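Open the structure in your viewer and follow the stops below in order. Each stop says what to select and what is there.

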Amino acid sequence: MFMIESDNKLFGLLGKDIDYSFSRDYFSNKFRVENIQHKYVNFDLENLSTFKSLLSRENISGMNVTIPYKEEVIPFLDELDPVAKAIGAVNTIVFKDDKRLGYNTDHIGFQKTLLNHLKPHHNKALVLGTGGASKAVCYVLEQINIQVLKVSRSEGPDRKAYHQLSATDYKEHSLLINCTPLGTHPKTDACPPIDYRQINSQHLLYDLIYNPEVTTFMQMGKAKGATALNGYQMLVEQAEASWSLWMD
């Protein structure tokens, strides 16, 4: 399924239901532009039960990792970069000297793009979702001294459930970041179940989703006067950081 010529290097994206993915087209085009005879494919796995055998079969030089495997893939790796270890999630794997090395470049892409839009009053954030992407987001926010309130479907010791958010929470936390897949193509009508009536022109809504270009989450925010951006540029930045690691 993933056959290539032996003298080429193979790269790919590990995930589930990822036919829509940005990465395959982005890197395939990059290889063409750079005139490099490598290939990039999707490793679309229902679960990780076959992952180990896939690694032993293929001449793989690097991988990106997306939902839902950014945390699950860690036990399969030999070493973690200190930042990836601190975040607790991996989105880039480098295969080097018979070792599988885990990195996180999501935080690079997120920080570069977020800083272009922050205003002084964006000093507290609601982070929607608690998966691997949200871990990188929280890491960045903590590094730049933005207070974080995690939000999920269910309450936890370090988070609130959506229905527990108060008007004060929305007023104080003027930065909202969607780290869930809600609203991704093809289920574009979905969105995080926040109270959009509480959103106003002081809010910045950042959706990590890039397909569609304008998500329902973004539309609902814009309708209330908020600034809204998607995750496309973040993906470009994290992809370029992955490229640098592979080509080092």
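The expected span of a helix is 1.5 Å times one less than its number of residues. Keep that rule for the first stop, and keep in mind that this is a predicted model.

**Helix H8**

Select residues 232-247, which form helix H8. Its 16 residues should span 22 Å at 1.5 Å a residue, and the end C-alpha atoms are 23 Å apart, so the two values agree. Which residues of H8 are buried? Colour Met234, Leu235, Val236, Gln238, Ala239, Ala241, Ser242, Trp243 and Trp246 to see them.

**Two cis peptide bonds**

Move to Pro186, in the loop between strand S10 (175-178) and strand S11 (204-207). The bond that links His185 to Pro186 is cis, and its omega is near 10°.

Next select Pro212, in the loop that runs between S11 and helix H7 (216-223). Here the peptide bond between Asn211 and Pro212 is cis, with omega at about 15°.

**Two positive phi angles**

Go to Asp17, in the loop between strand S1 (10-15) and helix H1 (22-34). Asp17 is not a glycine, yet its phi is positive, at about 55°. Is Asp17 buried or exposed? The relative accessible area of Asp17 is 54%, and exposed means over 50%, so Asp17 counts as exposed.

Then select Asp98, in the loop between strand S5 (92-96) and strand S6 (99-103). Asp98 is another residue other than glycine with a positive phi, near 60°. With a relative accessible area of 84%, Asp98 is exposed.

**The whole protein**

Now zoom out and show the cartoon. The protein has eight helices and twelve strands. Along the principal axes, its C-alpha atoms fill a box of roughly 60 × 35 × 30 Å. A compact globule of 248 residues would have a radius of gyration near 18 Å, and the 19 Å of this protein agrees with that.

Switch to a surface view. The accessible surface comes to about 12500 Å², and carbon and sulfur atoms account for 47% of that area. Of the 248 residues, 50% count as buried.

Notes:
Residues numbered from 1 in each chain as written. Predicted model: local features only at pLDDT ≥ 70, side-chain atom pairs only at ≥ 80, totals over all residues. Heavy atoms only, no water. Helix = DSSP H or I, 4+ residues; strand = E, 2+ residues; numbered from the N terminus. Buried < 20%, exposed > 50% of the residue type's maximum accessible area, 1.4 Å probe, protein only. Rg over C-alpha atoms; globule rule 2.2 N^0.38 Å. Areas by Shrake-Rupley, 256 points an atom, 1.4 Å probe, with all protein chains shown as cover.
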